[in-house]
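Here is a short report on one part of a structure. It covers a sheet first, then the helices around it.

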Amino acid sequence: KNAIFVFPRKKPYFKMPFMVKKELIKQLIVDFQQELPAKVFSRELCLPTDSDKIITVPGVRRCGKSTLLLLSINRLLTEGISREHILFLNFDDERLQFNADNLDEILQAYRELYPHIPLRDAYLFFDEIQMAQDWEQFVRRVYERECKHIFLTGSNSRMLSSELSTSLRGRTLQYEEFPLSFTEYCRFTGTDVNPHSSTGQAALINAFQSYLVNGGFPEVTLSSSLYKERILQEYFFVMLYKDLIERYEIRNPEPIRYFIKRVMANLTKPTSVNRIYNELKSQGVSIGKNTLYEVITQTESIYLFFPLCRYEKSLVKENTGDKKYYCIDNGLRRVLLNPISEDKGKLLENCVFLHLRRSLSLLDKLYYFKQRQECDFVLVRGDETVQLIQVCYSLEDRQTRSREIDGLMEAAQYTGCRQLLILTYAEEEEILQETHTISVRPVWKWMLETQALSLP
């Protein structure tokens with residue numbers, strides 16, 4: 001637990017020389033084809049298969065990116081595309097260590113398998129592509145000279161957005177994938193989503209309680225309760241050591257682990273990286289302040305945390321204030337912190353953030369509001385503030401009720417928005433406040449009513 005791992009800076013793990021065997025590639029291609037069509041649950045997100053663009057799917061590990069590729073392949077099969085036209089490779093296979101010198105072996109292997117199929121008619125699916133060195137140049141060349149049907153997934157947003165947007169500007173379409181939405185969770189668990197009967201509503205509330213605590217990773221959702229925590233712990237270990245420490249060549253992981261847990265504990269509140277740096281310094285831990293700022297950005301790139309900026313009319317102020325951070329999954333946070341029962345409000349707010357973040361269109365932006373009072377979420381579409389949202393576990397306490405309403409009203413006066421919403425665990429009502437109407441809704445019901453990609 002307390003071991004210090006040292007990784008060399010000049011030779012990252014993905015740069016190890018290794019000549020990939022074409023026979024292995026052929027075997028993997030054919031083995032995959034023989035298992036088609038794939039048996040997978042449907043997801044809300046659907047990838048286009050005829051866009052003539054490079055389709056990229058970034059997202060956290062184990063959230064279902066591969067499933068999106070499999071669903072696309074199944075759809076192609078129903079449209080008359082043969083199995084032999086499908087080239088699928090998972091670059092996270094430890095036997096496949098690709099670099100600029102051997103990536104072409106993929107195409108050579110496929111051509112030798114199917115010399116009668118022009119590569120332009122094939123569909124190339126590359127899972128966890130970021131594991132290969134210099135993959136961007138390879139993909140660009142294949143797209144421009146060989147094939148327009150390319151689908152990529154990766155567990156690093158910067159690898160699939162920044163690099164591709166530079167080298168393949170205008171040639172890509174990006175679709176972020178997340179762990180299950182509540183609607184998807186109900187489908188995976190066989191829960192009836194009809195809330196109009198007393199038994200149906202009780203089943204939904206029970207399902208939401210489990211979703212709130214255990215999160216939405218597909219494998220965890222389908223696993224026995226005996227294994228959920230162990231699976232989540234393994235997810236975090238892989239994200240921490242493989243995606244973060246190895247990839248970014250971090251020499252001493254222990255302060256990083258503490259830093260991540262500290263940010264998780266402060267979930268839903270403005271987080272000062274400088275304050276955490278001073279805490280570590282006071283404990284005699286040697287780590288640079290700039291290193292911590294780099295690490296928080298790196299955790300964003302691997303989809304562990306999402307930042308939320310403060311709403312400001314000044315762009316300069318917006319980018320200089322402390323950010324709030326939200327975690328990719330409530331279950332992942334729970335196994336790391338073992339939070340006490342009073343944390344249920346944070347879990348609820350994190351759950352709402354993920355639903356909002358998953359549903360944002362290209363024109364949408366999300367902020368938090370803080371002046372004299374606070375408002376948890378400000379949803380902006382274009383130049384217009386379209387909705388203000390507070391999240392509170394319960395409004396039964398008078399002081400809590402007054403604080404939530406006051407925060408909404410101050411944000412409404414500041415932004416001019418009249419769509420005001422308070423999300424709770426189970427309460428539902430309409431509140432008349434001055435000339436505004438505030439809708440109070442249970443989170444689980446709001447999630448079912450506003451499925452992903454359809455907000456507000």
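This is a predicted model: local features need pLDDT of at least 70, side-chain atom pairs count only at pLDDT 80 or more; totals for chains, interfaces and linings use all residues.

Three strands make up an open sheet, ordered S6-S8-S7, and they pair in antiparallel fashion. Strand S6 (270-271) and strand S7 (305-308) are the edge strands, each pairing on one side only.

S7 and strand S8 (residues 323-327) run antiparallel and are joined by four bridges. Within this part of the sheet, Leu308 stands opposite Lys324 in S8.

## Helices on the sheet

Helix H11 (residues 253-265) packs on the sheet. H11 touches S6, S7 and S8, and its direction makes about 50° with that of S7.

Helix H13 (residues 289-301) lies across S7 and S8. H13 runs at about 110° to S7.

## Where H10 meets H11

Two packed helices are described by the angle between their axes and the distance between the axes. Helix H10 (residues 228-246) and H11 have axes that come within 12 Å and cross at roughly 125°. Angles of 65 to 115 degrees count as roughly perpendicular, and those over 145 as roughly antiparallel. H10 and H11 are therefore oblique to each other. Their crossing is right-handed.

Which residues in H10 meet H11? They are Phe236, Leu240, Tyr241, Leu244 and Ile245. On the H11 side, the residues are Pro253, Glu254, Ile256, Arg257 and Ile260. By class, this contact of H10 with H11 has eight nonpolar residues, two charged residues and no polar ones.

Notes: Residues are numbered from 1 along each chain as its sequence is written. Side-chain values use heavy atoms; hydrogens and water are left out. Two strands pair if DSSP finds at least two bridges between them. Helices (H or I, at least four residues) and strands (E, at least two) are DSSP runs, numbered from the N terminus. Contact means heavy atoms within 4.5 Å. Axes are lines fitted to C-alpha atoms, for helices over the stretch in contact, and angles run from 0 to 180 degrees between N-to-C directions. Angles under 35 degrees count as roughly parallel, over 145 as roughly antiparallel, 65 to 115 as roughly perpendicular and the rest as oblique. A crossing is left-handed if the near helix is turned anticlockwise from the far one by less than a right angle, and right-handed if clockwise. Ala, Val, Leu, Ile, Met, Phe, Trp, Tyr, Cys and Pro count as nonpolar, Asp, Glu, Lys and Arg as charged, and the others, Gly among them, as polar.
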